[in-house]
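Please work through the exercises below with the sequence and the model at hand. Each task is followed by a stepwise solution.

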Amino acid sequence: MDPDNDLQAAVDRLMDGLTSDLERLAAIPSVAFPGFPAGPVQEAHDLLVGLLREVGVERIERIDLPDTAPVIFGEIPPPTPDAPTVLLYSHYDVQPPGDESLWRSPPFEPTPVEEAGGGGLRARGIADDKSNVIAHLGMLRVFGGRPPVGVKIVFEGQEEYGSPFDGYPPTDAERFACDAMVIADLGNLRPGTPTLTTGLRGAAEVTVEVRTLQEPRHSGEFGGAAPDALLVLLKALATLHDVHGDVAVDGLRREQWTGTSYTEDEFRDLAGVTDDLPLLGSGTLGERLWSGPAITVIGIDAPTVDGAASAVVPYARAKLNLRFHPKQDPVEAQELLVRHLRALKPFGVPLTVTPGDTGPGYEASTGGPAYRAARTALKEAWGTEASYVATGGSIPLVNGLAQAAPDAEVLLFGAQDSMCNLHAPNERVLFSELRATVVAMCAFVREYAADFKGAGS
Ligand SMILES: [Zn+2]
């Protein structure tokens, strides 16, 4: 398995089998949300355990936690005592399909799609994250189940809905001990652009409420003097951004983004923003989306337009979603927003501000041997230098795993791409990305094992 073209050819020989396994897996509606049957989740679990056994993974366990679909844990010992151990993560549960009438083919019937570069397959979860489960499996097949590194496999069954597994790894740290991890639950900035995701923004929620009157009062008789709760709330929300649309809450970290980012046209396309509308904020897109804060008003309780009475509104409430710099402390970031709101008192009316959930961000350190190996591997797979990006979405488990193995390098790459329609109708994956991801995973373990030995670790 040494020369590059041997690897490419070996992956090509396996692609038909990998594709049909991906189709089998994607035909199982393994949705681990409340209200969906548990049977298909178990079925996907069993299929994967069978595939792992077939490729020669002898030690396979299931981690059972309360209110959590089973986690598949597999282990291949290092081939030599000086070989590193790599943890491979992905998840086999999927988002619910949503409104099936918006799908061009039934969500759990994998269907070919035509697209530049050889096309792909459409189905719920076929990119997120079953493509990456199959990519890990592909790497193991290429090496006949005996890769040049020790392997720990973590295939989660309830990532999309969330589960107590996020916090579990630090409580069983020995099990997750490794030198590097490949968290394959994402993919490329665009098809054909090999991408390492090095940062994830943190998230926090805050609810803000205003009560001004006991009940609605006639707007003709009282409007003009009686304090309107909705007006108070809107005045408060209007202070969160400056005239350019940049976040105007003091202390939220905003730094230059030094990696790659979308072009403005790509971003407009992905977000569905037409050319006649401006984008919000100033500075580069990387800074606005990844290394700076964002505040989104995600809900407002107020009378609806159809049900509107001519009355001063006595009560209004809004929920805010804050995204912040990967390295900012979540409670600190949340507290900055809470303090900003509490200090406002629009028209002299105090606001009731309640902090909600927080989730930490993540920033990878990129200077170690695993990153070196990954850069070489991605270049070999896609034929061009790897880009560094961040993402606004968070992967809570990354922090749990990083706490369990604090010295391990964390690599985030995979077979998805930003045009995959993740969590949306008509999700799809491209064969070209799946194939290149298998090549990249193989080249990564080969390079990493060689570098590790070379370093005499
Ligand atoms: Zn996912």
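**Exercise 1: Helix 6 and its surroundings**

Helix 6 is followed by G272, whose phi is positive, near 70°. The model is predicted: local features need pLDDT of at least 70 and side-chain atom pairs pLDDT 80 or more, while totals for chains, interfaces and linings use all residues. Residues are numbered from 1 along each chain as its sequence is written, and side-chain values use heavy atoms, without hydrogens or water.

Task: State which residues of helix 6 are buried, and what covers them.

Solution. Step 1: helix 6 spans residues 264-271; helices are DSSP runs of H or I with at least four residues, and strands are runs of E with at least two, numbered from the N terminus. Step 2: E266, F267 and R268 are buried (under 20% relative accessible area; exposed is over 50%, partly exposed in between; 1.4 Å probe, protein chains only). Step 3: the cover of these buried residues includes helix 7 (285-289).

**Exercise 2: D269**

Task: Determine whether D269 is buried or exposed, and where it lies.

Solution. Step 1: D269 belongs to helix 6. Step 2: its relative accessible area is 67%, so D269 is exposed.

**Exercise 3: N399**

Task: Classify N399 by accessibility and list its contacts beyond four places in sequence.

Solution. Step 1: N399 sits in helix 10 (residues 396-404). Step 2: N399 counts as buried because its relative accessibility is 13%. Step 3: leaving aside neighbours within four places in sequence, N399 is in contact (heavy atoms within 4.5 Å) with P360, G361 and Y362.
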